[in-house]
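I would ask you to look at the sequence and the structure together while I speak.

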Amino acid sequence: MDTFMTIRAYGDNVDEALKSAEEKIKYLESIFSVTIDESDIYKINNSHGSTVEIFPETAEILGEAVKMCEKTDGALDITLYPVLSAWGFTADEFRVPASSEIAGLLEYVDYSEVSVDGQSVTVPEGFQLDFGAIAKGYTSDEIADDLRENGVKSAVINLGGNIRTLGKKPDGSLWKIAVRDPFDTSNDLCVLETGEISVVTSGNYERYFEGDDGQRYWHILDPSDGFPADSGLVSVTVIGESGLYCDALSTALFVMGKDKAVEFWRKNQDFDMILVTDLHEIIYTSGIENSFENLTEMSAEVIDSD
Ligand code: AMP
Ligand code: MG
């Protein structure tokens with residue numbers, strides 16, 4: 001998954017539990033990776049329209065992913081891979097594609113064309129999938145379950161900034177989770193005090209390049225035009241029970257921008273969020289009002305449910 005991962009677990013049997021977690025991560029990587037030849041995703045991406053048999057975990061994440069694409073009205077789109085490749089985000093060979101090239105590739109972007117039937121999946125010729133926006137969240141949930149099954153009651157899983165906690169701290173107190181300041185990533189934006197939770201951030205500072213025109217191009221693209229999502233947000237943090245849900249939403253809400261993200265939150269209200277705009281404003285939802293502490297000079301506004 002192209003990132004550093006840290007798991008800290010407390011209790012009896014942790015060595016075995018951590019070994020099992022590591023194996024699980026390697027297994028999931030081996031079936032989800034876009035680059036590993038024998039992975040499920042590789043097979044789908046090279047299927048030329050024919051049906052591919054996939055592992056249960058791939059079927060599960062794919063089913064959930066398609067639902068999240070629908071729920072976010074296509075702000076999340078797992079078929080964006082051809083466009084991501086054209087920008088070079090998949091191979092670190094960055095370039096700014098011509099608008100006509102992007103327009104041509106968008107013909108192959110449409111999550112509703114992905115058909116999953118049990119453990120069989122079919123995508124049209126030329127379509128390619130990528131779980132980059134959701135794999136870490138899904139993996140963090142799987143690892144949390146795995147650790148729990150191995151008797152661990154207290155753990156912090158950090159998959160490249162996707163945080164998932166299990167239980168509370170060993171002494172029964174709450175975890176303190178820091179969220180990065182997108183304008184100064186060596187500083188914290190805020191610290192959240194919480195029990196078992198997922199905290200996932202998407203930010204334009206995480207992966208970007210500078211074009212010859214001096215402009216910054218980042219890795220979260222708007223599927224409606226194939227260009228880096230220019231929604232006025234610089235980071236989105238989603239806090240909720242499921243890592244997959246939070247990961248899918250952090251990416252999708254980044255694409256939507258502040259107004260649509262707030263509208264989406266008011267409609268669903270099964271998560272909390274912290275938005276940071278390019279005008280240096282923080283907007284966060286009322287569910288975390290008591291655990292949110294602003295550590296920056298930016299203004300912070302709480303959003304209520306009505
Ligand atoms: P995240 O860091 O979770 O926001 O995921 C970003 C990654 O997801 C990118 O590096 C791309 O691989 C992929 N991606 C970018 N934009 C989208 C999008 N709108 N829908 C789905 N995946 C995307
Ligand atoms: Mg995400």
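Let me begin with a term: a polar contact is a pair of N or O atoms within 3.5 Å, where, within protein, one atom must be able to donate a hydrogen and the other to accept it. Residues adjacent in sequence count only if both atoms are side-chain atoms. The model on the screen is predicted. By that criterion, 4 residue pairs, with both residues at pLDDT 80 or more, are in polar contact between domain 1 and domain 2.

Domain 1 covers residues 35–122, and domain 2 covers residues 174–303. Their C-alpha centres are 24 Å apart. In terms of contacts, 21 residues of domain 1 meet 23 residues of domain 2.

How much area is buried between domain 1 and domain 2? The value is about 1900 Å², and carbon and sulfur atoms give 79% of it. On the side of domain 1, Ala75, Trp87 and Phe89 supply 30% of the area buried against domain 2, more than any other three residues.

I turn to charge. Side chains of opposite charge can pair when their charged atoms come close. Between domain 1 and domain 2 the count is 1 salt bridge. Arg207 forms a salt bridge with Asp92, with 2.3 Å between the closest N and O atoms.

Which elements give two or more residues to the side of domain 1 that touches domain 2? They are helix H3 (56–71), helix H4 (81–86) and helix H5 (99–105). H3 provides the largest share, with 4 residues. Sorted by class, this side of domain 1 has 13 nonpolar, 3 polar and 5 charged residues.

Helix H3 also holds a salt bridge of its own. The structure has 9 salt bridges, and one of them joins Lys67 to Glu64, whose closest N and O atoms are 3.4 Å apart. Lys67 and Glu64 are separated by about one helical turn because they are 3 residues apart in helix H3.

Next, the strands. Strands of a sheet pair through backbone hydrogen bonds, either parallel or antiparallel. In this model, 3 strands form an open sheet in the order E2-E4-E3, with antiparallel pairing. Strand E2 (52–53) and strand E3 (115–117) are the edge strands, each pairing on one side only. E3 and strand E4, residues 120–122, run antiparallel and are joined by 3 bridges. Within this pairing, Ser115 stands opposite Thr122 in E4.

Finally, I come to strands E7 and E8. Strand E7, residues 175–181, and strand E8, residues 184–194, are antiparallel and joined by 7 bridges. How many residues lie between E7 and E8 in their hairpin? There are 2 residues between them. Asp181 has Asp184 in E8 as its bridge partner.

That concludes my presentation, and I welcome your comments.

Terms used. Residues are numbered from 1 along each chain as its sequence is written. Chains are lettered from A and ligands numbered from 1 in the order in which they are written. This is a predicted model: local features need pLDDT of at least 70, side-chain atom pairs count only at pLDDT 80 or more; totals for chains, interfaces and linings use all residues. Side-chain values use heavy atoms; hydrogens and water are left out. Domain bounds come from an automatic or database domain assignment. Contact means heavy atoms within 4.5 Å. Buried area is the accessible area (1.4 Å probe) that two parts lose on being put together, summed over both. A salt bridge is a side-chain nitrogen of Lys or Arg within 4 Å of a carboxyl oxygen of Asp or Glu. Ala, Val, Leu, Ile, Met, Phe, Trp, Tyr, Cys and Pro count as nonpolar, Asp, Glu, Lys and Arg as charged, and the others, Gly among them, as polar. Two strands pair if DSSP finds at least two bridges between them.
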